[in-house]
2 protein chains.
Amino acid sequence: MATPSIKEVAHRAGVSVGTVSNVLNRPSIVAPATRKRVQDSIKALGFVRNEAARHLRAGRSRTVGLVVLDVANPFFTDLAEGAEALAYENDTVVMVCNSKTDPVREGHHLDQLEQQRVYGVLITPFDSADPQLRALVARGTPVVLVDRAADRGMCSVSVDDQLGGRLAGTHLIESGHRRIAFIGGPLSMQQVADRQAGITTVVEAADHVHLQIFEVDVMGVQHGRAVGEQIAALPRATRPTAAFCANDLLALGFLQAMAATRLRVPQDMAIVGYDDIGFAAAAAVPLSSVRQPAGLLGRTAMELLQEEVEAGDRHRHRQVIFQPDLMVRQSSDLTRR
Amino acid sequence: MATPSIKEVAHRAGVSVGTVSNVLNRPSIVAPATRKRVQDSIKALGFVRNEAARHLRAGRSRTVGLVVLDVANPFFTDLAEGAEALAYENDTVVMVCNSKTDPVREGHHLDQLEQQRVYGVLITPFDSADPQLRALVARGTPVVLVDRAADRGMCSVSVDDQLGGRLAGTHLIESGHRRIAFIGGPLSMQQVADRQAGITTVVEAADHVHLQIFEVDVMGVQHGRAVGEQIAALPRATRPTAAFCANDLLALGFLQAMAATRLRVPQDMAIVGYDDIGFAAAAAVPLSSVRQPAGLLGRTAMELLQEEVEAGDRHRHRQVIFQPDLMVRQSSDLTRR
DNA sequence: GGGCTGAATTGAATCGTCTAAATCGTCGCG
DNA sequence: CGCGACGATTTAGACGATTCAATTCAGCCC
């Protein structure tokens, strides 16, 4: 009943456990006849390798932890898929953990992953200066920051968020908007702060353009809707005419609020989102969005991780930065459709 | 540098490894002074438990595998969240695996999970009669089918998909539609077949109503759009006036195709989706959809799994079935808005 | 003061796999 | 015929945490 071990396989095949192990790991050094006998025995008993034992022996697991801010956000599932594709090629397994933008949950996942002695961790951190994260690295777990630039202490893969903010800002200003809302949060998150800094740069460089910041706790559809309703309630004369949302979920929620309050998009309110998730193009009004190469981010992060583990001692941390693109669609373009 | 083991902790605290283990697992039986000394030693050395060793000794892992058909589908992320919430309460970890509706990938994940000797597996199977899945169960891994009714051989948590199909069909027929399209696939998947069977039942019971089946390989946005374009190209006189899509991603893609081909929804084409994911209500035209209690499915599945593991030998498999609800929105209702 | 009790702690075996070193045969060659 | 060499296989520890039987020891009673 209980799963058989290598020992039982060996007994049934009339060989020692060492030989069975050799059949599993270096089949070429085992005599063909013996190998066959062992393989038959494995099949007959339904033997399945015990990863825990291998892991204990090897001292290192074949699982990579991926901690993301929000699994429900397609941006992160795309990212995960990119990472997993490469992991698959290297006989590694990806374990996706959802921190939900909550440092406590994030910490819990890091604890679990460290206890599992994972091969490494890819993480979109809530706060990259988190002492727990530093400690994890200090104790020797390879960590790659994702969607977030690191200082020299770690590898990272990110997208130039300031540029993303500038792209969105420039586009809106050139479209004639003078009162612009920025929606995102928490502002303590570097990605959000950078996107805001980017748009702030171009707003300040332009004349008579005003930027208003709306901070949210979590970047989900609900919160976008709430801010949208709040903004819709402002008097027309002072209400922003454009909104730059720090991710697409916020933007979709914001868009819903516009529909509910009968504000027309883009005539009364232009919207630009961030991430360019698949649903953005399929929204009520197709959503303009700053595109990030999610899959590539994930894949590259995994590459850096493997590089780090293989290079071992004298590995030099690298920070890879990608460029975002602005996808202009109807939600910010009066001339479309 | 390398993570210290219990042995080093013991040495530094001047006690035996057994005592350290006791501090970790049964602190109450250790004398307060000793306990303190050990805890200090743990902190000073940065000791982290090795899960692999615990697992090997215990013979059972604290990880639950969850294999879903499509992580990018919010229905499954909601489901995962429900499962994880309960897992968290029981100091268990959920490992989400994405089969992408591909039996090969599914098999690969099952292999990995079995090698890890997981606590149990929750799976939305491609095919519940899959011999590999049966074998997994036969070798002793507890498995709960999710979103899919099982025969007596396993526990399962599902939703009455035939009822879901009947709800959608009845609604469309009562709205006056006589030519209805069903879009979904592969039809070999029980969920899809049941939804189709449901709508077929009510179509056949009605007079002069015709149902046309469009099978797809994968239920994603792309495929929905493709079928939508195909249907839009049909001559008006024979073209269906309503579409029932076997999930919301298909429906969203289908909706995009309608927009692209200038067919009005719901005037020219009514649409009903399935799952009622968050994006459904936020679509270009808010989407009618058959709602499934995703989070509850996940949570209940985890409950059944824990029940099965705890009951041990004389556990009786249970099949829990939930009822779906039809959420009528603008995409299938001319009277709205 | 001998014997007993019970709390605190120790020591050793165990889980399943891997690997380096040791052993066993067999064969070829001098 | 004996020795060396080599290929195939076995043996014997790790790896780190857990557990339980065994041990130690202080305290207490008679």
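Entry 1: I started with B:Asn25, where a polar side-chain atom sits 3.1 Å from a phosphate oxygen of DNA strand D. I call such a pair of N or O atoms within 3.5 Å a polar contact. This is a predicted model, where local features need pLDDT of at least 70 and side-chain atom pairs count only at pLDDT 80 or more, while totals for chains, interfaces and linings use all residues. Side-chain values use heavy atoms, leaving out hydrogens and water. I then found B:Arg26, with a polar side-chain atom 3.4 Å from a phosphate oxygen of DNA strand D.

Entry 2: I looked up which residues surround DNA strand D and got 23, the closest being A:Thr19, A:Thr34, B:Ile6, B:Arg54 and B:Arg57. Near here means that a heavy atom of the residue lies within 4 Å of the strand. I sorted the residues of this surface into eight nonpolar, ten polar (Gly among the polar ones) and five charged (Asp, Glu, Lys and Arg). H2(B) gives the largest share, four residues.

Entry 3: I laid chain A on chain B with a turn of 180° and a shift of 0.0 Å along the axis, at an RMSD of 0.1 Å (least squares on C-alpha atoms of residues with pLDDT of at least 70 in both). The two copies are thus related as by a two-fold rotation axis. In chain A, A:Ala284 has the C-alpha nearest the axis, 1.4 Å away.

Terms used. Residues are numbered from 1 along each chain as its sequence is written. Chains are lettered from A and ligands numbered from 1 in the order in which they are written. A polar contact is a pair of N or O atoms within 3.5 Å; within protein, one must be able to donate a hydrogen and the other to accept it, and residues adjacent in sequence count only if both atoms are side-chain atoms. Helices (H or I, at least four residues) and strands (E, at least two) are DSSP runs, numbered from the N terminus.
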